[in-house]
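This report describes selected features of one protein model. The sequence and structure come first, and the notes follow.

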Amino acid sequence: MKVKTHGMLLGLFFSLVLVFSFSIQASAHNESQGNKMAEDVNIASEAEVGEFLSHIIEHFNPLLRVNNPNPTLEEQKELVSLWVIFFEELRKQGVFNDGDDMYSIIINSANIIDNHPGHPGLYGKVVDPDAQGSQIGDALRKLIKDEGCAAYRYGGEDRQACGEKVDTIYGEFVVIAGLHHDEEDSAVIEPDCTGLELDTTAGDVENEESLDTQKLLLKLYVKSIISVTQDLLVDGRRKAMEELRKEDPDRIIGFDDMASIRYTEFQKKIACFSEGDFKEGSIYVFIMELDEDATVVLNGNSPQLNGLNLRLRDPNPNPIDGEENKNIAELLRNSVTENGTPKDGKGDFVEYHWLRPGDEPTPQWLENNLVPGNSHKISYIEAADVGHHEDPVGRFMYIFGSGVYPESDEGNGACTVAGKGNTPQGALLNLFLTASVLFSVVFPGRRARKEFFRKLRNWRND
């Protein structure tokens, strides 16, 4: 069976891995077993850092391409959660992270940071070992190119870092242990987010006080994200196809080529979807596949959830319908389908409980297939063809969404948000925003949309 690659179009560097079965528990690891733990590593000892890296690599062995060349779809689905749990284990303080300067960094074949417990905000950023002024450039270059160990100096101390490559069916990763550095080190490059400006931003939604108006802005925000994603992928496809045909003028571009091209183009910009116009306060974007599991392609607030299926239970009664144990995947899919079939452009508001940014997650939520938090969330979601209807070899439909967290829920389940929604200006703004939603559908030209929304934002600020 060939692995479904188009499902990974946007689905980033680490999701859907291979058949293995393990449970990572601190109690199962101790020095008597020869497994070096993070807190016991001497930062200047090549042997000890290497032993710590070997401990981490042990848990990649069942994921290697050579060991699992043909995983079934069911096996992939079953193991996504285990992969997410493993990466979470690498991030949290414990066996693989001493909470200070001993942890592992994972970098993919495009030199993009896939996991960084020391500086989680660097997820999706590109590393350039040749950048001038970097404290870790020389060591990083050796670890990425040659593997093995490299000596370097940081914080006035002599240190060792070790790296090893692992090859999964979704590409090659370099796992590096012991490389501690400043978050602003020049080897970490900010992504080029040119062309990814939104007509309606996360800040527009976050700063609105009226819940009704906030929901309308939320809808415009999601539609803006769909628009720039379509433009990004279509433009990237054109450029990549030109390069492929330069190499081989007679090459036939197939479906798998399209998936790979889109994946690469989105991969280059992934960090942009978690900052700037895309994220403000509790407002962020999420993208999911249209499979029965609503597999997470991107979570702009919690990248560790990328690749996770959303067949999670919401054990609390829904604030509106009182339903307990709502299945989040079914809720999302049913909201963007007609007669069971996903429909491009179909969207709706849905309500459920989720983890509000900044709160502590429910203990063992993932292991128990529960939503990660208990905050009331109202999300707007919409199905969209990210092929922009131009793709000659097939369509790529995904669910785009974002949500707000009402400030307070009264005992009767009603949402109360202080604001200006009942003022004459607020009512007029609501009407204007409703018209603008229709405008964005009827007049999809990007230049026309940007000018329209520029005037809308200026009007709101007057």
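## Helix α3

In this predicted model, Asp138 and Lys145 are exposed residues on the face of α3 turned away from its buried side. The buried residues of this helix, which spans residues 137-145, are Gly137, Ala139, Leu140, Leu143 and Ile144. Viewed down the axis of α3, these buried residues fall within an arc of 160 degrees, so they line one face of the helix. After α3 comes Glu147, with a positive phi near 65 degrees.

## Salt bridges

The structure holds 12 salt bridges. One of them joins Asp130 to Arg141, with the closest N and O atoms 2.9 Å apart. This pair links distant parts of the chain: Asp130 sits in the loop between β3 (126-127) and α3, and Arg141 in helix α3, 11 residues apart. Asp130 counts as exposed, at 57% relative accessibility, and Arg141 as partly exposed, at 33%. Asp130, Asp138 and Arg141 are linked in a network of salt bridges.

Asp101 pairs with Arg159, the closest N and O atoms being 3.0 Å apart. In the salt bridge between Glu89 and Lys92, the closest N and O atoms are 3.4 Å apart. Glu89 is buried, with a relative accessible area of 9%, whereas Lys92 counts as partly exposed at 44%.

## Five-stranded sheet

Five strands form an open sheet in the order β9-β8-β16-β15-β14, with antiparallel pairing. The edges are β9 (296-299) and β14 (347-354); each has a single partner strand, so one side of each is left without a neighbour in the sheet. On average, neighbouring strands are turned by 25 degrees against each other, direction ignored.

Strands β15 (residues 375-385) and β16 (residues 397-404) are joined by eight bridges. Among the residues involved, Ala383 has Ile399 in β16 as its bridge partner. Helix α7 (residues 328-335) lies across β8 (286-289), β14, β15 and β16, and runs at about 170 degrees to β14.

## Nonpolar cores

The largest nonpolar core has 34 residues, of which Tyr221, Ile225, Phe266, Phe273, Ile287 and Phe400 touch the most other members. At least two residues each come from α4 (202-206), α5 (211-247), β9, β15 and β16. The largest share, 11 residues, is supplied by α5.

Beyond its neighbours within four places in sequence, Phe273 has contacts that include Leu196, Ile225, Phe266 and Leu298. A second, separate core of 28 residues includes Val350, Tyr352, Trp365 and Ile381.

How values were computed: Residues numbered from 1 in each chain as written. Predicted model: local features only at pLDDT ≥ 70, side-chain atom pairs only at ≥ 80, totals over all residues. Heavy atoms only, no water. Pairing = 2+ DSSP bridges. Helix = DSSP H or I, 4+ residues; strand = E, 2+ residues; numbered from the N terminus. Axes fitted to C-alpha atoms, helices over the stretch in contact; angles between N-to-C directions. Contact = heavy atoms within 4.5 Å. Core = buried A, V, L, I, M, F, W, Y, C linked by side-chain atoms within 4.5 Å. Buried < 20%, exposed > 50% of the residue type's maximum accessible area, 1.4 Å probe, protein only. Arc of directions from axis to C-beta. Salt bridge = Lys/Arg side-chain N within 4 Å of Asp/Glu carboxyl O.
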